Amino acid sequence: MTETVPYLTATAQAYDAVAVLYAEVSRDSLDRLPLDRAMLAAFADFVRDAGGGPVAELGCGPGYVTAHLRDLGLDVFGVDLSPKMIELAREAYPELRFETGSMHALDLADGELSGVVSWYSAIHVPPRELPAYFAEFRRVLAPGGHLLLGFFESEDDPVSEFDHRVTTAYRWPIDELAELARRAGFTEIGRMLRAPAENERFHHGRLLLRRT
Ligand SMILES: C[S@@+](CC[C@H](N)C(=O)[O-])C[C@H]1O[C@@H](n2cnc3c(N)ncnc32)[C@H](O)[C@@H]1O
């Protein structure tokens, strides 16, 4: 399926090529980012308070966010386009489930999930394609299910491509992304903007949403 979509092939190949280095530098990154941990913890609380159930981290890379969500008490698995990332995630967290696939066409039933996390993975989706991804997130979430998005914020600029270190990626105005999610059938619960941490360049946006 992904081999017929050039930007997905390019993304998978780019992340395959850097997977080992990416896993090394990112593994402990949440330890240094209390506001990111706070947002992931809030997501976990909302999912649990709504009765729990399966959660997918879509675009999980080497799996450390998936493992963090598991440590927060969630029943979580990871999906990623890059076979190398999935291989590394399985090696690092053999007790967790990781599958290769694209988040625009998930091998999941309608309403199967209680939560979806896209943590810096939708950043690689061409803006015109993103509504279809949100529609897929909505399809696999049960009514009342939760969605957490982590992304680079564009700081008053319109949505724009930037020189991401791995492959083509886009920064979004948080209001515009929230509006896209609203039109796709999500209600905003909360949001966060945090300043760049050491060695980061941009403000970071987080949107916590509920399937309407
Ligand atoms: C910047 S990394 C983020 C990885 C991890 N979530 C983290 O925060 O470190 C982006 C990941 O999204 C994956 N990705 C990009 N587009 C995807 C898609 N359509 N379906 C599944 N994974 C995708 C890439 O392969 C890559 O592993």
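Contact here means heavy atoms within 4.5 Å. The model shown in these views is predicted.

**View 1**
D80 belongs to strand β2, which covers residues 75-80. Is D80 buried or exposed? Buried means under 20% relative accessible area. D80 has 10% relative accessibility, so D80 counts as buried. Leaving aside residues up to four places away in sequence, D80 touches G59, C60, G61, M85, I86, E99, T100 and G101. D80 and A50 are 30 residues apart in sequence. In space, they are 26 Å apart, C-alpha to C-alpha.

**View 1. S29 in a loop between two helices.**
Where is S29? S29 sits in the loop between α1 (6-26) and α2 (34-49). Its relative accessibility is 13%, so S29 counts as buried. The S29 side chain reaches back to S26. There, the backbone oxygen of S26 is 2.7 Å away.

**View 2. The buried face of helix α6.**
Helix α6 spans residues 174-183. Which of its residues are buried? They are I174, L177, A178, L180 and A181. Seen down the axis of α6, these residues fall within an arc of 160°, so they line one face of the helix. On the other side of α6, D175 and R183 are exposed. Just after the helix comes G185, with a positive phi of about 105°.

**View 3. Strand β9 and its partners.**
β9 is mostly covered. Of its 8 residues, 7 are buried. How do β5 and β9 run? They run antiparallel, and 7 bridges join them. Strand β8 also pairs with β9. Here 8 bridges join the two strands, again antiparallel.

**View 4. L208 within β9.**
Follow L208 to see both pairings. L148 stands opposite L208 in β9. G190 has L208 as its bridge partner in β9.

Note on methods. Residues are numbered from 1 along each chain as its sequence is written. This is a predicted model: local features need pLDDT of at least 70, side-chain atom pairs count only at pLDDT 80 or more; totals for chains, interfaces and linings use all residues. Side-chain values use heavy atoms; hydrogens and water are left out. Buried means under 20% relative accessible area, exposed over 50%, partly exposed in between (1.4 Å probe, protein chains only). Helices (H or I, at least four residues) and strands (E, at least two) are DSSP runs, numbered from the N terminus. The arc is that of the directions from the helix axis to the C-beta atoms. Two strands pair if DSSP finds at least two bridges between them. A polar contact is a pair of N or O atoms within 3.5 Å; within protein, one must be able to donate a hydrogen and the other to accept it, and residues adjacent in sequence count only if both atoms are side-chain atoms.
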